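Here is a briefing on one predicted model.

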Amino acid sequence: MTPRLFALTLLAMLAFAGNSLLCRLALKQTAIDPATFVAIRIGSGALVLWLALRLRKPARRLEGHSRGALALLVYAVAFAYAYTRIPAGTGALLLFASIQISMILYGLLIGERLSLAQGLGIGLAVAGLVILMLPSVSAPPMFHALLMIMAGIAWGAYSLLGRSAEDAASATAGNFIRATPAALLLFLLHALFSHAEYDAAGVAYAVASGAVTSGLGYVLWYAALKQLRVTPAATVQLSVPVLTAFGGALFLDEPVTGILVASSALILLGIALVVLVKRPA
């Protein structure tokens with residue numbers, strides 16, 4: 001892995017972890033409802049990304065496609081609504097397990113093969129993730145658990161679709177812009193048939209989630225995906241729960257436990273084996 005690819009991947013994972021923290025803060029500690037959060041998140045991300053493209057010299061045309069926009073929207077909506085009822089640990093376990101399984105299965109279907117060390121790496125990373133989440137796991141409501149699994153599959157699909165993008169920023173902007181009308185329609189339907197709720201803190205978290213950690217993070221991730229095989233791309237995302245947990249300790253006063261340290265070591269070792277070991281012929 002080149003230094004540039006390592007930097008892109010690390011920054012993308014940090015952005016994803018930051019996005020998880022912002023989502024948890026907004027949906028758990030403010031008055032904003034999921035539909036409003038999703039609309040502001042996607043709309044603000046689309047606006048910032050469009051402005052960034054217009055300021056580039058020369059200005060780039062929009063890439064992306066309807067399939068990427070649909071995967072993005074399904075992920076954002078399912079994730080937000082699932083977290084209204086599922087504890088954070090259970091939700092993260094369901095989300096990232098479904099991401100890894102969907103992307104690794106796809107990699108095997110298209111002919112990618114793993115060495116023994118890479119298989120061991122995946123096993124270590126998944127074991128570390130399970131150890132990290134087990135203390136907070138409780139039986140979630142079935143409907144909301146299925147929503148979180150759907151969010152993970154949609155994010156896996158979005159990551160795979162991003163591998164064919166010619167320009168990361170343009171493709172991300174195009175997907176966000178295409179997803180915005182549907183997100184706004186969801187918000188209007190929610191406001192019409194239910195009651196839209198929000199406050200200043202919730203709106204601020206949603207804007208930061210869309211404009212910074214989602215928009216910037218997805219641009220970085222699309223750029224990294226062009227140089228990553230499917231299996232390493234799937235496995236490296238296992239670092240996000242670890243980064244999120246340490247972010248919670250720094251910004252939300254959550255304790256750093258021995259279990260957290262041990263599981264983090266397993267996950268990072270597993271990622272290193274998958275990414276650094278050469279694939280079999």
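Helix α8 (residues 200-225) has 26 residues, which at 1.5 Å a residue should span 38 Å; its end C-alpha atoms lie 35 Å apart, so the two values agree. The expected span is 1.5 Å times one less than the number of residues. Helices are DSSP runs of H or I, at least four residues, numbered from the N terminus. This is a predicted model, where local features need pLDDT of at least 70, side-chain atom pairs count only at pLDDT 80 or more, and totals for chains, interfaces and linings use all residues. Residues are numbered from 1 along each chain as its sequence is written, and side-chain values use heavy atoms, without hydrogens and water.

**Bends**
- α8 bends by about 35 degrees at S209 (angle between axes fitted to the seven residues ending there and the seven starting there).
- Helix α7 (residues 168-193) should span 38 Å, and its ends are 37 Å apart, which agrees.
- α7 has a kink of about 35 degrees at T180, shortly before the proline P181.

**Packing of α6 and α8**
- Helix α6 (residues 142-161) packs on α8 at about 60 degrees, with the axes 9 Å apart.
- W155, Y158, S159 and L161 of α6 meet Y218, W221, Y222 and L225 of α8 (heavy atoms within 4.5 Å).

**Confidence**
- Mean pLDDT (confidence from 0 to 100) is 83 for the protein, and 93% of the residues score at least 70.
- Confidence is lowest in helix α9 (residues 230-236), at a mean of 74, and highest in helix α3 (residues 66-82), at 93.

Note on methods: pLDDT = per-residue confidence, 0-100. Helix = DSSP H or I, 4+ residues; strand = E, 2+ residues; numbered from the N terminus. Axes fitted to C-alpha atoms, helices over the stretch in contact; angles between N-to-C directions.
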